[in-house]
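Subject: Structure handover

Hi,

Here is the structure we talked about. My notes follow below it.

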Amino acid sequence: MVKVSVPAGQDVPVAIRLLGRGAMEVRTFNSDGSPAPGAKVDVKGTGFPNDLASGVADWNGEVTFYNLTEGNYAVSAVDTYNRGGRAQGNIPLDGAFVTVDVKLAASGTVTGKFLKPDGLTAVSGGQIKLLDT
C-alpha cells in the first residue's frame, strides 16, 4: 500500500498496479484417493477484494473457477455424505491457472457397548473419545 499526499493546487503522479485475474481448478478426492464427484466446493479470497465462488465437482471430481483476483484463497469441499476437506490456493499473477487438491476426510462406523469394569453393567451417559493414532 502506498500513501500519497497531494498539496493543494498541485498534481502528483502516482503509479498504481491493478490486481490481475486468473483461474483455479479444484480437484476433490475421497480419502482413498479416488475422485469425489458431486462435492460442493467453496473458494474464498483471504484479502481484498475477498472474492467468493462456489460450484459442484463434475464426474471427475473437478470444478474450475474463472476470473478470480490474484491473491490467496481458502478452499473447502463437502461431499453428499457431509465429509469435508480444506486446502489453500494462490493465484500469483494475471492470467495464472492454478490447481488445488482437496482431500475429503475419511469416515466410518463405530459400534459396541460401553461397559463398567465388571464387563456387564452398561455405562449411562458416558462419553467416548475416538483418537486417530
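How many salt bridges does a search of the whole structure find? The search finds five, where a salt bridge is a side-chain nitrogen of Lys or Arg within 4 Å of a carboxyl oxygen of Asp or Glu.

Some ground rules. This is a predicted model: local features need pLDDT of at least 70, side-chain atom pairs need pLDDT 80 or more, and totals for chains, interfaces and linings use all residues. Numbering starts from 1 along each chain as its sequence is written, and side-chain values use heavy atoms, with hydrogens and water left out.

**Salt bridges**

Three of them in turn. Asp51 and Arg21 meet at 3.8 Å, N to O. Asp51 sits in the loop between E2 and E3, Arg21 in strand E1, 30 residues apart. Strands here are DSSP runs of at least two residues, numbered from the N terminus. Asp51 counts as buried at 14% relative accessibility, Arg21 as partly exposed at 38%. The cut-offs: buried is under 20% relative accessible area, exposed over 50%, partly exposed in between (1.4 Å probe, protein chains only).

Arg27 and Asp101 meet at 2.6 Å, N to O. Arg27 is in strand E1 and Asp101 in strand E7, so this pair ties together parts 74 residues apart in sequence.

Asp79 and Arg83 also form a salt bridge, at 2.6 Å, N to O. Asp79 is buried at 9%; Arg83 is partly exposed at 21%.

**Strands E2 and E3**

E2 (residues 40–45) pairs with E3 in the antiparallel sense, over five bridges. Pairing requires at least two DSSP bridges between the strands. Val41 has Gly55 in E3 as its bridge partner. The hairpin has six residues between the strands, and Asn50 takes a positive phi near 55 degrees. Along E3 (residues 52–56), Ala53 and Gly55 point to one face and are buried.

**Core**

The largest nonpolar core has 19 residues. Such a core is a set of buried Ala, Val, Leu, Ile, Met, Phe, Trp, Tyr and Cys residues joined through side-chain atoms within 4.5 Å. Met24, Val26, Val41, Val43, Phe65, Leu68 and Val75 touch the most other members. E1, E2, E4 (62–69), E5 (71–78), E6 (84–91) and E7 (97–103) each supply at least two residues of this core. Val75 has contacts (heavy atoms within 4.5 Å) that include Met24, Asp42, Arg86 and Val102, leaving aside residues up to four places away in sequence.

Best wishes

Notes: Helix = DSSP H or I, 4+ residues; strand = E, 2+ residues; numbered from the N terminus.
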